[in-house]
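This report walks through one protein model for a reader who has not seen it before.

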Amino acid sequence: MKIKIFITALFSIAFLDAQKTNFASSKTVTDNYFGTNIVDEYRNLENLEDPQTINWMKSQTAYTNSALDLIPNKNYYLEKRIEFDKRQGYSVSDLKITNSDKYFYLKKNGDGKVAKLYYRNGFLGKEELLYDPFNYKKNEPNHDFVINYINPSWDGNKIAISMAEKGNELGEVIIMDVKTKQVYSEVITNIEPVSSGGVKWLDDNSGFIYLYYPTSNPKSQDFYKNSQTVLYKIGTDPKKINDVFSRKNNPDLNIAENQFPIILDFEKNDEYYIGMVVDYDYYRKTFIIKKKDLLAGKRNWKLFSDGSDKAKNLELHKKDEVVFLSGYGSSSNKLCKTNINTPDFKNAEILVPEKKDEFIKSYRITKDGIYYTTTKNGVEAKLYLYKDGKDILIKPPYPSGNIRLECKGENYSDFWITCSGWANDEQRFRYDIKTNTLKPENLVAIVEYPEFEDITVKEITIKARDGEEIPLSLIYNKNLVKNGKSPLLIEAYGSYGITDSPIFAKTYLLWATQGAIMAIAHVRGGGEKGEKWRLGGYKETKPNTWKDLIDCTEYLINEKYTSKDKVAIWGVSAGGITIGRAMTERPDLFKAVIAEVGVMNPIRDEATPNAQPKEFGTIKDPKEFKALLEMDSYQHLKKGVKYPATFITGGMNDQRVTVWEPVKFAAKLMANDSSANPILLKIDFEGGHSGNVPITQRYANLGDMFTFALWQLGHPDYQPKGNNSK
């Protein structure tokens, strides 16, 4: 035992000494905001063209890899996820079904690197391979593309396929003739269809509408600005932009340069297009135009709904109605409709009134009525059918944390649900309204995971310091003894009104099989309880987000689930604010911190291409500046404080969180920390914002983070066997 302690001590001392000889260079800049001086010791690291900065990032990444390589079981998570994929045989995603019952989907074999595009005529039809992303630009050196989006035309005879490379969000769309499998020569560039509205086919299948980014350089300050909804006709030159909805094309609509003008989903025979100006407001402004007018080149968009109407998820219904979710005059939300020609969103007809303790999450209109789902605390889902003025509860096949809806449209009865939960694998069912039954229609076989048989899920709420009830999801072995000795990993996000919905996350379950507890803290700033919950962790109220995480942690410690030296916290992207400020406010409370591509320096957010002043605030306003400073983890690092062990990641191709944010945070943390805890920085020089990379790369990245956590939390299978001083 003494030998083991001695070796571990040698490892820690050598680790610390090695990092102290490799601090980043510091060139201090002082800014004055409304009479307050803000010192930025590592402003120089924002220059990603500086070889010294790049070399430091590379040396830290190499050092991190060498440190992790000393940990036994380092590859456990990677190997288990690959094993699970092989056991399943294949996985299917991004399913699209046309009105003619043609199925298109992405499928990845268990031992495959990336997903390929497949097609079948009907659920029981023969499967055909349509496109392998390996064939895209295969004659070019170092090509490495993934398919990140597909959308077939209404008749299913053509399909748009988006190709993304090396973590980039902007992709290139190719168009394929489904019958001949020939790819058209024209390539659509400067498009990011995954989160920007997607490709919307014209009624006659001759082309489509999409969002175009004039600037493709992610490092440019003009990136994400002045985007345009354009109309493309197949066979024409994609470089000749036909702008139909934008700040430039429609100056009278007062669209800001950082807003995204998109056209919402529509039915083939709808008479109108609804355009939405997308930003990070909870309720957004919409406009309406007749299809024939837009196609004729007219610009006569009319205001349809304003943010003050508090209308979301607008969907045209019949010829003269629009259905929507309303938060107007409601503490939650309700399902409503109004007339297209004389819209009155504030005094609309209520179809489904607000429900106690349930928030309406989504809905789909079919021939038989309106199916909709509700959620309680973001983790308990219910399914309903609104039909002939009645509200009918439909019992899902098993209790589900999340229910996703799918249908062909309002002229069809076809309707499916996909159910999932923290411990339930995703399953898809077709609903038969005549018999009130749900029949499985899975495109993949249901696989048994005996490893997870003893895993249980517990949904609780804990009382925060201000009395608010915070939902908390716990995943652990049912035989867990509450003695304060279990390693605990808490994941938290809390921004943009996004709900941390239950999914069958095998990595979480693997963590629980190792005698550890996985927790998901549904902190304020997210969408678990609607707009109120989002606004509870927004700008000036943002401190609630990390204080909720702190309160959840203290609850779990007080209840003997764990103890201070057994707690790790993990935040991704905007979750970096949550875990970074929890760490800097209560460094004594956590043993380890994982900041994955995190927002760590929001006071400098407006210096990045993807600035989010509407979500976090602007330095141009004195009140919002104070809020930004309060949520800035980088600025809250103090000299001489003993901080937890920290693992920080970034992506060179990250177009959402510029890589220098985590890099600056790591540099300052290394310089200020007075503990002997390791601080690891790992930059993915090929990847971006955690997505658009081969699946094994994602598994490996997750494995590194979980390995680091188990090492720091003292799991016996993850303690280094030697030292790195050789």
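## Strand pairs, sheets and overall form

Five bridges pair strand E17 (residues 272-278) with strand E18 (residues 286-290) in the antiparallel sense. Within this pair, Tyr273 stands opposite Ile289 in E18. The model described here is a predicted one.

E17 and E18 belong to an open sheet of four strands, ordered E16-E17-E18-E19, with antiparallel pairing. Strand E16 (260-263) and strand E19 (302-305) are at the edges and have a single partner strand each, so one side of each is left without a neighbour in the sheet. On average, and with direction ignored, neighbouring strands of this sheet are turned by 35° against each other.

Another open sheet of four strands has the order E28-E29-E30-E31, and its pairing is antiparallel. Its edge strands are strand E28 (402-407) and strand E31 (437-440), each of which pairs on one side only. From one strand to the next, the twist averages 30°. Inside this sheet, strand E30 (residues 427-432) runs antiparallel to E31, and four bridges join them. Phe429 stands opposite Pro440 in E31.

E25 pairs with strand E24 (residues 359-366) through seven bridges, and the two run antiparallel. E24 and E25 form a hairpin, with two residues between them. Across this pairing, Arg364 stands opposite Tyr371 in E25.

E25 also pairs with strand E26 (residues 380-387), again antiparallel and through seven bridges. Here Ile370 stands opposite Tyr386 in E26. E25 and E26 form a hairpin too, with three residues between them. In that turn, Asn377 has a positive phi of about 60°.

| Strand pair | Bridges | Direction |
|---|---|---|
| E17 and E18 | five | antiparallel |
| E24 and E25 | seven | antiparallel |
| E25 and E26 | seven | antiparallel |
| E30 and E31 | four | antiparallel |

UniProt, in an unreviewed entry, lists residues 26-440 as "domain: Peptidase S9A N-terminal". This span is 9% helix and 43% strand, and its end C-alpha atoms lie 60 Å apart.

What does the protein hold in helices and strands? There are twelve helices and 39 strands. The radius of gyration of the protein is 26 Å, close to the 27 Å that the globule rule gives for 726 residues, so the protein is as compact as a globular protein of that length. Taken along the principal axes, the C-alpha atoms fill a box of roughly 75 × 60 × 55 Å.

How much of the protein is buried? Of the 726 residues, 59% are buried. The protein exposes about 29,800 Å², and carbon and sulfur atoms supply 49% of this area. Among contacts between residues at least 6 apart in sequence, 59% join residues at least 24 apart.

Methods
Residues are numbered from 1 along each chain as its sequence is written. This is a predicted model: local features need pLDDT of at least 70, side-chain atom pairs count only at pLDDT 80 or more; totals for chains, interfaces and linings use all residues. Side-chain values use heavy atoms; hydrogens and water are left out. Two strands pair if DSSP finds at least two bridges between them. UniProt positions are given in the numbering used here, feature names are shortened, and annotations may be inferred rather than shown by experiment. The radius of gyration is taken over C-alpha atoms; the globule rule is 2.2 Å times the number of residues to the power 0.38. Buried means under 20% relative accessible area, exposed over 50%, partly exposed in between (1.4 Å probe, protein chains only). Contact means heavy atoms within 4.5 Å. Accessible areas come from the Shrake-Rupley method with a 1.4 Å probe; for residues, only the protein chains shown count as cover. Axes are lines fitted to C-alpha atoms, for helices over the stretch in contact, and angles run from 0 to 180 degrees between N-to-C directions.
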